[in-house]
Amino acid sequence: MKKFIALFLVLLTAMLCVCGCSMGNESIRFGAAGLGGVYHQTATSIKQLAEKDGELNIDLKTTAGSAANVRLLSQGYLDAAIAQSDIISDAYNGENSFKTPYKDYSAVAALYTEVCHIVVRADSNINSIDDLLGKTVSIGEEESGSELNAKQILSAYGLNQKMIKEVNLDYAESAKELVSGDIDAAFWTLGTNATVIDELAKQCDIRLIGIDKATSSKLKSAYSYIDCTVKANTYSGQTKAVDTVGVKSVLIVSNKLSNDKVKSLTKLIFDNANELQLTVSADLDIVEKDAVIGVNIPFHSGAAEYYSEKGVEVKTAE
């Protein structure tokens, strides 16, 4: 009997160890938005760094974008994602387009500034947002940050669905239909030097439409926008700087993700900031003291542990 009990305990210990190890190595389901965008570039780079490091397993999930990422994260379908700072704040507080608050996620780091690009063909007669009256305009995929920003910007100019034809297209579809002339303009909230716009500029001449100072002030007073400028020659044929607005992109995680995993993920990003920058077209802000600026929701306690060790204090939900 003693031998049997001893054998049973050995087997039980082995089973618990295997279960514990497998639980610890479960993949982090990471919302990466659509192909052609900077979210997908960034998420892919983080996954590759994790594979090289060997401590975390990351499983990329293609999604519609920021609003979808927040919803999927809150509903338990994702463990991590990138989303716009305005959307994560609105969702957390149940404001603007979010009727009820989502409280099941927290921040890791602000990564870079996303710029609201409004793109038309260079041979069009559209020179301002007012000229979009009566036009067909892609406002981005449903539940994307581009869609929310497009609606807010158009509304600030007094344009609604009765005055323009809004269509929901992803990055690739928008570019294709702009080239063919099936749409007149496309709204994209993306990091600058975005691949999709670079590729579009190779297929047809494009023009970026700016946002005037009065309207940008109106948008900043109502939402979480900041002033941005797309520098001249950022894209092929774009010879003049264009003033617009933008938001921060933020890495967020489920509150159910363990402190150890989140701390490891945070460390992975900062330890490999230079390598990340080489693989992502946007200008990253991956310095500890900068990565906490523009984030208006609590940080995950695992990320807070990392920041504390670097002398940076952040607010957590606890």
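What covers the buried residues of helix H7? The cover includes strand S4 (105–121), helix H6 (171–180), strand S7 (185–190) and strand S8 (206–208), where contact means heavy atoms within 4.5 Å.

This is a predicted model, in which local features need pLDDT of at least 70 and side-chain atom pairs count only at pLDDT 80 or more, while totals for chains, interfaces and linings use all residues. Residues are numbered from 1 along each chain as its sequence is written, and side-chain values use heavy atoms, with hydrogens and water left out.

Helices (H or I, at least four residues) and strands (E, at least two) are DSSP runs, numbered from the N terminus. In H7 (residues 195–203), the buried residues are Val 196, Ile 197, Leu 200 and Ala 201. They lie on the same side of H7 because their arc around the axis is only 135°, taken from the directions from the helix axis to the C-beta atoms. Buried means under 20% relative accessible area, exposed over 50%, and partly exposed in between (1.4 Å probe, protein chains only).

Glu 199 is partly exposed at 36%, whereas Lys 202 is exposed at 62%. A salt bridge is a side-chain nitrogen of Lys or Arg within 4 Å of a carboxyl oxygen of Asp or Glu. By this rule there are 14 salt bridges, including these:

| Salt bridge | N to O distance |
|---|---|
| Arg 29 and Asp 79 | 2.9 Å |
| Lys 263 and Glu 309 | 2.6 Å |
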